[in-house]
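Hi everyone, thanks for making time today. Have a look at it first.

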Amino acid sequence: VIRPALVLEVVVAASVVVELLALQPAVAYPWPFAVAAFRFLYTDYFGDRGTFGTLVTGVLVLEGIGLFVVGVTLAGRTRALGSRLLAMVACGVAGVATLSVVRLLTVSLRTGDTWPALLGHIQTIRISTAFPDPNAAGSYLAMGLLLTLGLALASRARGHAAGRRRGRGWLALAWLHVVLVVAVALWLTGSRSALFAAVPASAVMLPLVSRVPRWLAWGGLVAAVLAAALLFPFAAGRLNPPDTSGRSI
């Protein structure tokens, strides 16, 4: 992981330098511009990021790569830490998903005709409470769906192996409820690319999850395929609304 991450960081850093070189002639002379950019990194970057958008974008990517390498390295040293990190990320995803579901319920209750409004809103509106871009929310929730699904299957497998001791069965059931909430929130984003990516990714992931009984993995795969086929007529209107410009497949 570390070597590819270093290569990617070099590429990102080089891209930032090239963009700054292209920006510099229109702003200031080379030396004052370089001094201002360096000063921005240890002052305004932590408060006001209104200037040097190129630096902000590049540094955020570098930070993300660095955090990923640190997380993988530490999780490789301590197995329990990796499981806790995954659970923490999954809890964050669950929180974001819950906010979207609550927003749907709130909007439906305000109409005074709750159930028809609820069914209509599920099909027509796009909800993203934590992100301004519904497509970005869809991508985040799609990745979170795979994570929570993996945690649910792994918890169920460990529960079977341990004879359902230490509450493993209840933990698996809790993660399955989280999977349902995240799936609903993903649907509410209306992000077709995220929805199309999540279905085959989930189907491919199920047989590959370690320590899951084979009957459960293949049964889940068949169930996912059947569910996608049965829900397609219902999803067609959501994914290809005829009255909304720019949304046609």
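**A serine in a loop**

Let's begin with serine 128, which lies in the loop between α5 (114-124) and α6 (134-161). Helices here are DSSP runs of H or I with at least four residues, strands are runs of E with at least two, and both are numbered from the N terminus. Before going further, please keep in mind that this is a predicted model: local features need pLDDT of at least 70, side-chain atom pairs count only at pLDDT 80 or more, and totals for chains, interfaces and linings use all residues. Residues are numbered from 1 along each chain as its sequence is written, and side-chain values use heavy atoms, with hydrogens and water left out.

A polar atom of the serine 128 side chain sits 2.6 Å from the backbone oxygen of phenylalanine 131. That is a polar contact, meaning a pair of N or O atoms within 3.5 Å; within protein, one must be able to donate a hydrogen and the other to accept it, and residues adjacent in sequence count only if both atoms are side-chain atoms. What does serine 128 touch beyond its neighbours within four places in sequence? Its contacts (heavy atoms within 4.5 Å) are Ser100, Asp133, Pro134 and Ala137.

Aspartate 133 takes us to threonine 189: their C-alpha atoms are separated by 9.0 Å, although the two are 56 residues apart along the chain. Threonine 189 belongs to helix α7 (residues 168-189), and its side chain reaches the backbone oxygen of leucine 186 at 2.6 Å. Is threonine 189 buried or exposed? Buried, because its relative accessibility is 0%; the cut-offs are under 20% for buried, over 50% for exposed and partly exposed in between, with a 1.4 Å probe and protein chains only.

Now for helix α3, residues 53-77. Its 25 residues should span 36 Å at 1.5 Å a residue, and the end C-alpha atoms are 36 Å apart, so the two agree. The expected span is 1.5 Å times one less than the number of residues. Among the buried residues of α3 are Leu55, Val59 and Ile65, and their cover includes α1 (2-23) and α2 (30-42).

Zooming out, the chain has 9 helices and 0 strands, and 32% of its 249 residues are buried. On confidence, mean pLDDT (the predictor's confidence in each residue, from 0 to 100) is 84. Confidence is highest in α1, at 93, and lowest in helix α9 (residues 214-239), at a mean of 74.
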